[in-house]
Amino acid sequence: MIYIEIKNINEKTIKTLLKNNHFSKRAIDKLLKNGLLLNNQDIKSNVKIKKNDLIKVPVDNEELDYKAVTGKLNIKYEDDNLIIISKDSNITVNSNGQVSLANYIAYYFKENNIKSKVRFINRLDMNTSGLIMIAKNSYAQSFYQKEIEDNNLIKKYIAYVEGELNINKLYKIKLAYDEGSKRHDKAKDGKLAITHFKTLETNEKYSIIECDIKTGKTHQIRSSLRYLGHPIIGDKLYGSNFDYERFLLHSYYLKFNVFLKKESITIKDYPDFEGFVNKM
């Protein structure tokens with residue numbers, strides 16, 4: 001059994017301490033029923049607490065939910081509750097029937113005695129590389145998912161697109177999946193996808209675009225750039241003229257509030273796509 005430790009600063013009861021540290025009502029009710037530690041003493045009720053009291057929230061040991069497979073992990077950030085990895089292209093996040101990033105993470109958890117299921121906070125397409133977040137327990141998972149729902153977690157991508165594109169605007173489009181084309185295409189009854197596109201660099205061959213997603217719709221960057229007339233280089237499904245082993249889209253920026261800490265941090269991870277654009 002491991003514990004999440006929380007030192008009380010100015011809360012009056014266990015319930016308010018847990019609530020103000022972003023534990024859900026369901027989690028709080030469960031903890032008060034099953035018990036936690038207050039200054040290393042078992043408690044099962046919403047007792048009053050004092051400044052500098054130490055609360056320890058138990059975290060159940062869990063069995064891995066993916067087979068552990070040895071693989072390279074490019075770790076960009078880690079704490080007791082979260083790990084951030086820069087994913088390579090040409091690997092899925094957690095597909096069945098093939099080795100995936102989840103298998104590599106399971107191996108890392110096993111080797112480092114992290115007794116947790118693999119809980120992805122965000123996901124990336126197989127051929128999209130970059131930053132991906134994995135929670136180490138259910139409490140952290142709930143917190144970061146709520147941060148995404150409240151738009152407190154900022155995710156940005158870098159896309160290398162075909163042609164010269166000068167843009168700095170909020171782009172809105174309604175998208176729906178089309179079975180025939182296997183794409184997410186423009187549709188009147190589709191789901192609204194909102195992205196802020198900003199040109200970082202451009203020339204007559206290609207442009208480097210920052211993509212700040214405001215909604216989490218499937219393929220929204222890829223489809224939006226297709227309709228803007230500048231598909232992502234290598235993205236054949238969405239109109240690219242270049243047949244590479246991947247398309248040039250990378251999740252490069254995360255800014256988020258840290259679970260149980262009164263701080264916000266930013267992680268950046270820039271791609272190296274020069275070898276691809278040099279072949280254009």
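Two strands are said to pair if DSSP finds at least two bridges between them. Helices (H or I, at least four residues) and strands (E, at least two) are themselves DSSP runs, numbered from the N terminus. The structure discussed here is a predicted model, in which local features need pLDDT of at least 70 and side-chain atom pairs count only at pLDDT 80 or more, while totals for chains, interfaces and linings use all residues. Residues are numbered from 1 along each chain as its sequence is written, and side-chain values use heavy atoms, with hydrogens and water left out.

The description may begin with a sheet. Strands of a sheet pair through backbone hydrogen bonds, either parallel or antiparallel. Strand β2 (residues 36-38) is joined to β3 by 3 bridges in the antiparallel sense, and Leu38 faces Gln41 in β3.

To describe the surroundings of a residue, buried means under 20% relative accessible area, exposed over 50%, and partly exposed in between (1.4 Å probe, protein chains only). Strand β6 (residues 82-87) is largely enclosed by the rest of the structure, because 6 of its 6 residues are buried. Leu82, Ile84 and Ser86 point one way from β6, whereas Ile83, Ile85 and Lys87 point the other way.

The interior can also be described through its nonpolar cores. A nonpolar core is a set of buried Ala, Val, Leu, Ile, Met, Phe, Trp, Tyr and Cys residues joined through side-chain atoms within 4.5 Å. The largest such core has 49 residues, of which Ile105, Phe120, Ile134, Tyr160, Ile221 and Ile232 touch the most other members. Helix α3 (residues 101-111) gives the most to this core, contributing 7 residues. A second, separate core has 35 residues, including Ile6, Ile14, Val57 and Leu131. Contact means heavy atoms within 4.5 Å. With residues up to four places away in sequence not counted, Tyr160 touches several residues, among them Tyr206, Pro231, Ile232, Leu248 and Phe273.

Polar side chains are found in the interior as well. Thr195 belongs to strand β12 (residues 191-202) and counts as buried, since its relative accessibility is 0%. Its side chain and that of Gln220 are joined by a polar contact of 2.7 Å. A polar contact is a pair of N or O atoms within 3.5 Å; within protein, one must be able to donate a hydrogen and the other to accept it, and residues adjacent in sequence count only if both atoms are side-chain atoms.

Charged side chains provide a further kind of link. A salt bridge is a side-chain nitrogen of Lys or Arg within 4 Å of a carboxyl oxygen of Asp or Glu, and by this rule the count comes to 12. Lys56 forms one with Glu5, their closest N and O atoms being 3.9 Å apart. This pair links distant parts of the chain, for Lys56 is in strand β4 (residues 54-59) and Glu5 is in strand β1 (residues 2-7), 51 residues apart. Lys56 is buried, with a relative accessible area of 16%. A second salt bridge, of 3.4 Å from N to O, brings together Lys76 and Asp269. Here the partners are 193 residues apart: Lys76 is in strand β5 (residues 75-78), and Asp269 is in the loop between β15 (264-268) and α6 (274-277). Lys76 is partly exposed at 35% relative accessibility, whereas Asp269 is buried at 8%.

Finally, Asp125 lies in the loop between β7 (119-120) and β8 (129-135). Asp125 is partly exposed, at 26% relative accessibility. Not counting residues up to four places away in sequence, Asp125 touches Lys87, His219, Arg222 and Phe247.
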